[in-house]
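Please look over the sequence and the structure below before reading on.

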Amino acid sequence: EKTYNITTNAKYTQTLQNETAAIPVFYTGNKTSTITVKPKKLVLTATKRLPNSDVFIGEPFEVEYVISNPGSSGLAAKNIRIWPQLQQEFNLVDPALPVAVPDLNPGELVTLSARELDRPKFNTTQTLRASRVTYVDENNNEWSVNTSSIDINVQTKPLGSAPFIVVSKQA
């Protein structure tokens, strides 16, 4: 958003006729106006989801992002970055932050898999909070939007499928 002040100066002369001579009359005027120009709003949609609903305590799981530019503004989104939130309930396994996203032209959509790995610490229902998506439009106006959050049912892995150690004791 930018605000501009525009000042106009005007000078003019009017000649009045009387019975003996022409009499010039001088006028001046100043006018200032303020104009605010707002950029077209570029709104992306951002969804966070799990490609696999089986999440087990202590095991990393993938988070998938779907980012789209609906195109209603006619602007491309550039320099798109996803900023996952750090949470006490999860370990961020691969902290390559932020997650870079390709530029999106109007009407384009991108799905990003395996860009974020988290490991749950507790076997209860947890909420993986929304991530922040930042981007700029073609005119370098900065924008941001939040992804959706995800409720995750963290399970304990069945004993038969987990690695285990067999200890034999001899007397």
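In this predicted model, the side chains of Glu64 and Arg49 form a salt bridge, with 2.6 Å from N to O. Glu64 counts as buried because its relative accessibility is 10%, under the cut-off of 20%. Arg49, at 38% relative accessibility, counts as partly exposed.

The search of the whole structure gives two salt bridges. The other joins the side chains of Asp103 and Lys78, at 3.8 Å from N to O. This pair links distant parts of the chain, 25 residues apart: Asp103 sits in the loop between strand E8 (99-101) and strand E9 (109-120), and Lys78 in strand E6 (residues 78-83). Asp103 is partly exposed at 41% relative accessibility, and Lys78 is partly exposed at 32%.

| Salt bridge | N to O distance |
|---|---|
| Glu64 and Arg49 | 2.6 Å |
| Asp103 and Lys78 | 3.8 Å |

The protein as a whole contains 13 strands and zero helices. Its radius of gyration is 31 Å, whereas a compact globule of 171 residues would have one near 16 Å. The C-alpha atoms fill a box of roughly 140 × 30 × 25 Å along the principal axes. Of the 171 residues, 26% count as buried.

Note on methods:
Residues are numbered from 1 along each chain as its sequence is written. This is a predicted model: local features need pLDDT of at least 70, side-chain atom pairs count only at pLDDT 80 or more; totals for chains, interfaces and linings use all residues. Side-chain values use heavy atoms; hydrogens and water are left out. A salt bridge is a side-chain nitrogen of Lys or Arg within 4 Å of a carboxyl oxygen of Asp or Glu. Buried means under 20% relative accessible area, exposed over 50%, partly exposed in between (1.4 Å probe, protein chains only). Helices (H or I, at least four residues) and strands (E, at least two) are DSSP runs, numbered from the N terminus. The radius of gyration is taken over C-alpha atoms; the globule rule is 2.2 Å times the number of residues to the power 0.38.
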